[in-house]
Amino acid sequence: MSTAAMGMHCGLEAAHDGILFSRARPDDARECVRLRGLTRENAVSEERLREYGITEPSWAADIESGALPGWVARSSGDLIGYCFGAAKTGEVIVLALLLLA
């Protein structure tokens with residue numbers, strides 16, 4: 001198992017090729033909402049997310065409660081991607097990535 005995979009398996013932060021992966025925290029929700037509207041394909045604006053009942057506070061609450069566990073990826077401190085899944089079903093709820101230049 002790679003060092004990065006071991007770190008993720010143990011719940012720690014892990015870095016790979018200059019990208020830092022870490023467990024999502026409630027305070028990541030604001031950036032996650034923003035990034036969702038910036039993806040190249042299937043972008044969803046903050047307004048559209050709100051129509052679906054997804055807001056920064058609701059996303060943060062779901063992370064805090066453990067209902068929506070996830071991982072975030074950062075490059076040079078900037079959020080560049082994330083993946084969240086439903087704790088009850090194990091299904092991936094959202095995977096969003098920005099293209100790196």
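**Close-up views of a predicted model**

**View 1. Phe84 in its aromatic surroundings.** Phe84 is buried, with a relative accessible area of 1%, in a model that is predicted rather than determined by experiment. Together with Trp59 and Tyr82, Phe84 makes up one aromatic cluster, and the structure as a whole holds three aromatic pairs. One of these pairs joins Trp59 and Tyr82 edge-to-face, with 5.5 Å from centre to centre and 85 degrees between the planes. Because Trp59 belongs to helix α4 (residues 56–65) and Tyr82 to strand β4, this pair ties together parts that are 23 residues apart in sequence. Tyr82 is buried as well, its relative accessible area being 2%, and Trp59 also counts as buried, at 5% relative accessibility. The rings of Trp59 and Phe84 have centres 5.4 Å apart and planes at 70 degrees, so that this pair, too, is edge-to-face. Since Trp59 lies in helix α4 and Phe84 in strand β4, the pair links parts that are 25 residues apart in sequence.

View 2. Five strands, arranged in the order β1-β2-β3-β4-β5, form an open sheet with antiparallel pairing. The edges are taken by β1 (14–16) and β5 (92–97), each of which has a single partner strand, so one side of each is left without a neighbour in the sheet. On average, and with direction ignored, neighbouring strands of this sheet are turned by 20 degrees against each other.

**View 3. Strands β2 and β3 side by side.** Strand β2 (residues 19–23) runs antiparallel to strand β3 (residues 70–75), and five bridges join the two. Within this part of the sheet, Arg23 stands opposite Trp71 in β3.

**View 4. Helix α2 across the sheet.** Helix α2 (residues 29–36) lies across β3, β4 (78–85) and β5, and its direction makes an angle of about 95 degrees with β4.

**View 5. Two loop residues with positive phi.** Most residues other than glycine have a negative phi. Asn42, found in the loop between α2 and α3 (46–51), has a positive phi of about 60 degrees although it is not a glycine. With a relative accessibility of 60%, Asn42 counts as exposed, because the cut-off for that class is over 50%. Ser76, which lies in the loop between β3 and β4, likewise has a positive phi, of about 50 degrees, without being a glycine. Ser76 is exposed, its relative accessible area being 73%.

Conventions: Residues numbered from 1 in each chain as written. Predicted model: local features only at pLDDT ≥ 70, side-chain atom pairs only at ≥ 80, totals over all residues. Heavy atoms only, no water. Pairing = 2+ DSSP bridges. Helix = DSSP H or I, 4+ residues; strand = E, 2+ residues; numbered from the N terminus. Axes fitted to C-alpha atoms, helices over the stretch in contact; angles between N-to-C directions. Contact = heavy atoms within 4.5 Å. Buried < 20%, exposed > 50% of the residue type's maximum accessible area, 1.4 Å probe, protein only. Phe/Tyr/Trp six-rings, centres within 6.5 Å; stacked < 30°, edge-to-face > 60°.
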